[in-house]
Amino acid sequence: MKKPWALPIGRRLGRVVLAAVMVLPLAAFTSAERLFAPSSELWPRWEQHDPASAAVIDFTAWDAFLKAHVQVGDDGVHRLDYGNLAADERDTLAQIVADFAAVPISTYGRREQFAYWVNLYNVVTVKLIADHHPVESIRDIDISPGLFASGPWDKDLVTVEGEALTLNDIEHRILRPIWNDPRIHYAVNCASIGCPNLAVDAFTGADLEEQLEAAARSYINDPRGVTVANGEVTVSKIYDWFFEDFGESVSLLLQHLKRYAEPSLAAQLEDIGTINGTAYDWSLNNTGTAAGG
């Protein structure tokens, strides 16, 4: 089914096409790159839910795949050996996507839906990388339609309830506008070193709040999320691209960071009122890939 909408060209670039690793200064924490980040634009069809539903979705196959294949490095980065997935493991991935696609998601409650969309985004991304490996970055999978499109984010990759969906649909047309929760950015994984980790556990409605809080703490207290050196703060480019989700002011963003910061980082941030730069590493989160790639 053809979608009744289309994102403007400038909003159809996924998590923005940039150099693999970069640190950029910010004037008042603004950048031209933010103009190209996808907006949170509701697709109303996906607001449907059943607030009385106590039904639970079975995520055990995805959970088992994560536990079997996600490797936690000494540097804290979660990696996956995409290139050495056996044929039956690739079949398992395809089956998980098919099983998720068959879920009548509009009949579930909000918490179960949240967990579902995050898990669907992540398994589709893992399958995407596995299907196109070897690649050095997800940005190399240039399959989005359109003359000026880039990367895989606007390619229809899964069909749910008769609707063809892209990764951008799931994150920016469903998750962000319906839940308005900045912790979404710590849950979805774009197969890059600079991204928050691909969780070892599937998200579930029952454990959702605990899992989101843990994901936020993990990323913010990792150098990929926040670093302070010589009194200057560098943050992940995610906080620039999706500035609106973190309060649209530097002070509110800093409050968000301090909320999850461990005591040592919180103390460093306490007397800082500005953000000096941003960084992001697009290198694939493949086993053996070093941070800083």
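Which residues touch the most other members of the largest nonpolar core? Hi everyone, let's start there. In this predicted model, W62, Y116, W117 and L120 do, within a core of 86 residues. A nonpolar core here is a set of buried Ala, Val, Leu, Ile, Met, Phe, Trp, Tyr and Cys residues joined through side-chain atoms within 4.5 Å. Buried means under 20% relative accessible area, exposed means over 50%, and partly exposed is in between, using a 1.4 Å probe and protein chains only. Helix α3, residues 110-132, gives this core its largest share, 13 residues. In soluble globular proteins, nonpolar side chains tend to be buried together.

Some ground rules. Residues are numbered from 1 along each chain as its sequence is written, and side-chain values use heavy atoms, leaving out hydrogens and water. Because this is a predicted model, local features need pLDDT of at least 70 and side-chain atom pairs count only at pLDDT 80 or more, while totals for chains, interfaces and linings use all residues.

So what is pLDDT? It is the predictor's confidence in each residue, from 0 to 100. The protein has a mean pLDDT of 90, and 88% of its residues reach 70 or more. Please be careful with residues 1-27, where pLDDT stays under 50, and with residues 289-293, where pLDDT also stays under 50. Where pLDDT is low, the predicted coordinates should not be read in detail.

Now the overall picture. The protein has 9 helices and 8 strands; helices (H or I, at least four residues) and strands (E, at least two) are DSSP runs, numbered from the N terminus. Of its 293 residues, 54% are buried.

Back to α3. This helix has 23 residues and reaches 33 Å from its first C-alpha to its last, close to the 33 Å expected at 1.5 Å a residue. That expected span is 1.5 Å times one less than the number of residues. Because 18 of the 23 residues of α3 are buried, the helix is largely enclosed by the rest of the structure. Leaving aside neighbours within four places in sequence, L120 is in contact (heavy atoms within 4.5 Å) with F100, V158, V160 and I170.

Next, helix α6, residues 208-220, which has 13 residues. Its buried residues include L208, Q211 and I220. Why does I220 count as buried? Because its relative accessibility is 0%. Beyond four places in sequence, the contacts of I220 include Y186, V226, Y239 and L265. The C-alpha atoms of I220 and E262 are 8.8 Å apart, though 42 residues separate them along the chain.

Q211 is also buried, with a relative accessible area of 17%. A polar atom of the Q211 side chain lies 2.9 Å from the backbone oxygen of A202. Not counting residues up to four places away, Q211 touches D201, A202, F203 and T204.

V226, one of the contacts of I220, takes us to strand β6, residues 226-229. In a regular strand the side chains alternate between the two faces of the sheet. T227 stands opposite T234 in β7. The hairpin has 2 residues between these strands, and N230 takes a positive phi near 55° there.

Technical notes: Two strands pair if DSSP finds at least two bridges between them. A polar contact is a pair of N or O atoms within 3.5 Å; within protein, one must be able to donate a hydrogen and the other to accept it, and residues adjacent in sequence count only if both atoms are side-chain atoms.
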